[in-house]
Amino acid sequence: MAEIDHLVIGAASLDAGAAWLERHLGARPVPGGAHPGVGTHNMLLGLGPDQYIEIIAPDPTQAAPAHPRPFDLDDPALRLALEAEPQLIAYVAATPAIEAVVARLGASHGGEVRAMRRDALSWRMAFPPQRQDMGNLIPPLIQWDGARAAAQIPDSGWRLARLEAEHPDLAALRQAIAARGLEEAIKLRHSPNARLVAHLRHQDGREAVLASV
C-alpha cells in the first residue's frame, strides 16, 4: 500500500511561497535545497514524522534544465497563476516497492524511476509521463532509501487531516489511484474541473484548507 508522503506548493519564488504558507498556517518553512539538473529548489514544513509540505520554485541559479520542470512548473498558464499567488499544485505518494509498482503500471503510465540524493537523504522517484497525470492528481511515487525526509524536518504542529481530489473523469481517476494503492489515502469526487484540496489540523485545534485554483 502507498501513502501520502508530502504536499507540493508551487511558487514563482521560494520567498513568495514561504510568505504565503506563513500567512495561511502561521508557521515558517525551513530551507531545503536545490535539485541539480532539474531546475528547481525547495523549502519544507514538517507535518509530523511521516509527512511534510514542500514549497517548490524555479531555481534562478541553475541553467534551464534539459527536461520540463516537475509539476508543470514550466506550463505558461500555471506560471502566470503562480506569479499572482502560490498554491497547492500536487502531492507525492510513498511506496515501499517503487520498481515493482512502476513495472506493473508500465512506462507509459508509471514513468521512469530516477535515483536522487541530497546530503544524507537518498530516494527514488517516478513521475507520470507529461500530460498523463490528470492535472497533477495522479501523484509521482517516491521510495526513500533509509531515513525519510519528514523525520528530519522540524514539526510545525500541523497534520494532514484529509486529502481530496476532484476531476470530471472520476472513473479514470479512481482506477489510476487504485493502481497505486492509494484508495484509502485520498477521497475522490466528481467535479467539472481538476482540483486538489488538503485539509489540515493543528494540534491546538486550528484548521486550514490549502487548494489548487
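Reply: A residue is called buried under 20% relative accessible area, exposed over 50%, and partly exposed in between, using a 1.4 Å probe and protein chains only. The model is predicted, so local features need pLDDT of at least 70 and side-chain atom pairs count only at pLDDT 80 or more, whereas totals for chains, interfaces and linings use all residues. Numbering starts from 1 along each chain as its sequence is written, and side-chain values rest on heavy atoms, with hydrogens and water left out.

Two aromatic pairs are present in the structure. Rings of Phe, Tyr and Trp (its six-membered ring) are paired if their centres lie within 6.5 Å; planes under 30 degrees apart are stacked, over 60 edge-to-face, and the rest tilted. Phe71 and Phe127 make an edge-to-face pair, 5.4 Å from centre to centre with 65 degrees between the planes. This pair links distant parts of the chain, 56 residues apart: Phe71 is in the loop between β4 and α2 (76-84), and Phe127 in the loop between β7 (121-126) and β8. Helices (H or I, at least four residues) and strands (E, at least two) are DSSP runs numbered from the N terminus. Phe71 has a relative accessible area of 5% and is therefore buried, while Phe127, at 30%, counts as partly exposed.

The rings of Trp123 and Trp144 have centres 5.3 Å apart and planes at 50 degrees, so this pair is tilted. Because Trp123 belongs to strand β7 and Trp144 to strand β8, the pair ties together parts 21 residues apart in sequence. Trp123 is buried at 7% relative accessibility, as is Trp144 at 13%.

Strand β4 (residues 52-58) has six of its seven residues buried, so it is largely enclosed by the rest of the structure. Strands count as paired if DSSP finds at least two bridges between them. Strand β1 (residues 3-10) pairs with β4 in the parallel sense over five bridges, and Leu7 has Ile53 as its bridge partner in β4. Strand β3 (residues 40-46) runs antiparallel to β4 and is joined to it by seven bridges, with His41 opposite Ala57. Five residues separate β3 and β4 in a hairpin, where Gly48 in the turn has a positive phi of about 100 degrees.
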